[in-house]
Amino acid sequence: MEEGAQMADAVDGETLPARFAREGLERNRRAGLMLCGFAAALLIVSQLFSPYGDPGLSAELLRIRLATLCGLGLLAWAFTTSLGAQRPRELTVAALAMLSLCLHALAQSTGGQFSIQYDRLSLVILGPAILFSWSAAWAALSSATVIGVYVIGSVLTGGQYEAPFSATLARLIAAGCVTIGGNLMRERARWRTLSDLYGLTAARQRVEAELRHVNDRFEQRVLDRTSDLRTSEERFRTMFEAAPMGVVTVDAGGQLAQSNRAFAGMLGYGVDEMLGRRIEDLASSEDSAALLEVLAALRTQTQSALSLDTRYLRRDGTAVSTHAALTPIHDEAGRFLCALAMIEDVTDRVRAAGEARQRQEHLAHVLRMATMGGMVAELAHELNQPLGAIVNYANGTSERLRQAGGDPALVETVAQIAAEGMRAGEIIRRVRDCVRPGAVPTEPVDLNGLVRQSAQLIESDAQHHQIPVRLRLDPAVPAIALDRLQVEQVLLNLLRNAIDAMQAAPAGDHELVVQTLMRDRAGVEVQVRDTGVGVAPEALGRIFDAFFTTKPLGLGMGLSISRSIVEAYGGRLWAMDNADRGMTFAFSLPSEGRY
């Protein structure tokens, strides 16, 4: 309120009366210059069109007019100086007095009271009413000056006794009244206009001041908010840089917009080297597709937050396992800006979990071997006696047939029965030795030859079911140190399983393919491929477990024992689906013990 009152008293540092007076002075100065110009033009025109033919009179009139023009010129110059800016009213009264004297002199020179010059005095009086804007007092002073010059001049020349004196005086007084009244109304109108304008200006300045005040407060709030944002940004940057885990932001194009030192150091790069890289290019080829799917889900707002296990590649090519939590960042309009990811290095944790899993597998293997050892020992104990009886009966029968001169083919068949019984006993002994603690007995074995021998043993069964057996043997496979009977049992088990799978499948063009391959690093590999019914996906992970079987009358021990035999040599046994139909069972054996 105090500020508004001060502004009502002064606009732009100037009070209303001061401004009214200043503008009045400026108007008087301009009007004074116009009056001097108008009077000079009037004197020049009147001289040019003077009706008097007397040379002497014309010369006198010219001298009067020239003297007046010089006086008007001096006054015009004075109006342009500081005196004209400060005292324009006084100079204007002086100009009117000079014009009145000039006109009185011209009138006396051309006939006194009958001269037309006195009529022009009325115009001189009316001039301020037309040209000037000043107070009624100054208008009265200017009119009185003109009338006084007329009266004094008439008295001095004796013209007040002439008849036209009164009429002329009356006209001059009437013109003075018009001048005074006109200036009075004009000044009042100018005061009202200026007052209204002054009020509008004051109101505008009050509004501008209020706007400035509001703007200042708004700017202060912006500065405070900016300071808070800068503090928050600094706090976030400090947390971003000092975080013990990797923190990155990924833009909509999949490029790294920000990365802290922890993530860059995790991959062996500098922070500047990370910026602009595509995040999927840093991930392993197996995990890049899953990473792109997660980023696409965040961009399309189908997910608000996701976690992901990803393997990234260090600068040296080694893999680092990570667990990441990702969340999208949006602007006020809901548009996706970037994805914020918190990435933790879990390589040691994954390695520890792998080692724990290996220990569990080793314990399971030990338990499996102990269980199998007990079973084999019991089976060997139970089967040795009937096998020994079979061998003894076969040998006795063979000897009696030989003594009785029986059919040599029959004698040979009975001898083979005895030999197979001995072989069965040897197999049981070898299997029992395999599951016992200690070294596995080995000898140089031609693996390709062992495959051929195993294929010959199941050939009659395969022909019975009209299944051709095809061998694809790699000649580069060397002789390997192993136990012939144990590996032969693995091959026979896989071959019989393949025949059973194809027998259970719909009739068609079936075949059994056995292939050997020489792998430089993995050693020797043997593959048994069938075109049978295959294995259901839910059962594929359990087919090597003990007592798990997919056959109606199976015991579930064949593949478990086979895997134990292969792993005893440091190898591996696995299964995989074929692209067209059936399964392929394969096992590898290390070739360090080649001969």
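This is a predicted model: local features need pLDDT of at least 70, side-chain atom pairs count only at pLDDT 80 or more; totals for chains, interfaces and linings use all residues.
# Helix packing around α5

Visitor: Nice. Which residues in α3 meet α5?

Guide: On the α3 side they include Leu 57, Leu 61, Ile 64, Leu 72 and Phe 79. Among their counterparts in α5 are Leu 91, Ala 95, Met 98, Leu 99 and Leu 106.

Visitor: And how does that contact divide into nonpolar, polar and charged?

Guide: The contact of α3 with α5 has 16 nonpolar residues, four polar and two charged.

Visitor: Let's move on to α7. How do the axes of α5 and α7 cross?

Guide: Helix α5 covers residues 88-109 and helix α7 covers residues 136-157. Their axes come within 9 Å and cross at roughly 25 degrees. An angle under 35 degrees counts as roughly parallel, so that is how α5 and α7 run relative to each other.

Visitor: Is the crossing left-handed or right-handed?

Guide: Right-handed, as α5 passes α7.

Visitor: Which residues are in that contact?

Guide: From α5, they include Arg 89, Val 93, Leu 96, Ser 100 and His 104. In α7, Trp 138, Leu 141, Thr 145, Val 149 and Tyr 150 are among the residues they meet. By class, the contact of α5 with α7 has nine nonpolar, eight polar and two charged residues.

Visitor: Switching topic: where does Thr 15 lie?

Guide: Thr 15 is in the loop between α1 (2-9) and α2 (16-48).

Visitor: Is it buried, exposed or something in between?

Guide: Thr 15 has a relative accessible area of 36%, which lies between the 20% and 50% cut-offs, so Thr 15 counts as partly exposed.

Visitor: How far is Thr 15 from Tyr 198?

Guide: The two are 183 residues apart in sequence, while their C-alpha atoms are 9.3 Å apart in space.

Visitor: Now the whole protein, please. How many helices and strands are there?

Guide: There are 19 helices and twelve strands.

Visitor: And what share of the residues is buried?

Guide: Of the 595 residues, 39% count as buried. The accessible surface of the protein is about 33100 Å², with 58% of that belonging to carbon and sulfur atoms.

Visitor: Last one: what share of the contacts links residues 24 or more positions apart?

Guide: Among contacts with a separation of 6 or more, such pairs account for 64%.

Terms used. Residues are numbered from 1 along each chain as its sequence is written. Side-chain values use heavy atoms; hydrogens and water are left out. Axes are lines fitted to C-alpha atoms, for helices over the stretch in contact, and angles run from 0 to 180 degrees between N-to-C directions. Helices (H or I, at least four residues) and strands (E, at least two) are DSSP runs, numbered from the N terminus. Angles under 35 degrees count as roughly parallel, over 145 as roughly antiparallel, 65 to 115 as roughly perpendicular and the rest as oblique. A crossing is left-handed if the near helix is turned anticlockwise from the far one by less than a right angle, and right-handed if clockwise. Contact means heavy atoms within 4.5 Å. Ala, Val, Leu, Ile, Met, Phe, Trp, Tyr, Cys and Pro count as nonpolar, Asp, Glu, Lys and Arg as charged, and the others, Gly among them, as polar. Buried means under 20% relative accessible area, exposed over 50%, partly exposed in between (1.4 Å probe, protein chains only). Accessible areas come from the Shrake-Rupley method with a 1.4 Å probe; for residues, only the protein chains shown count as cover.
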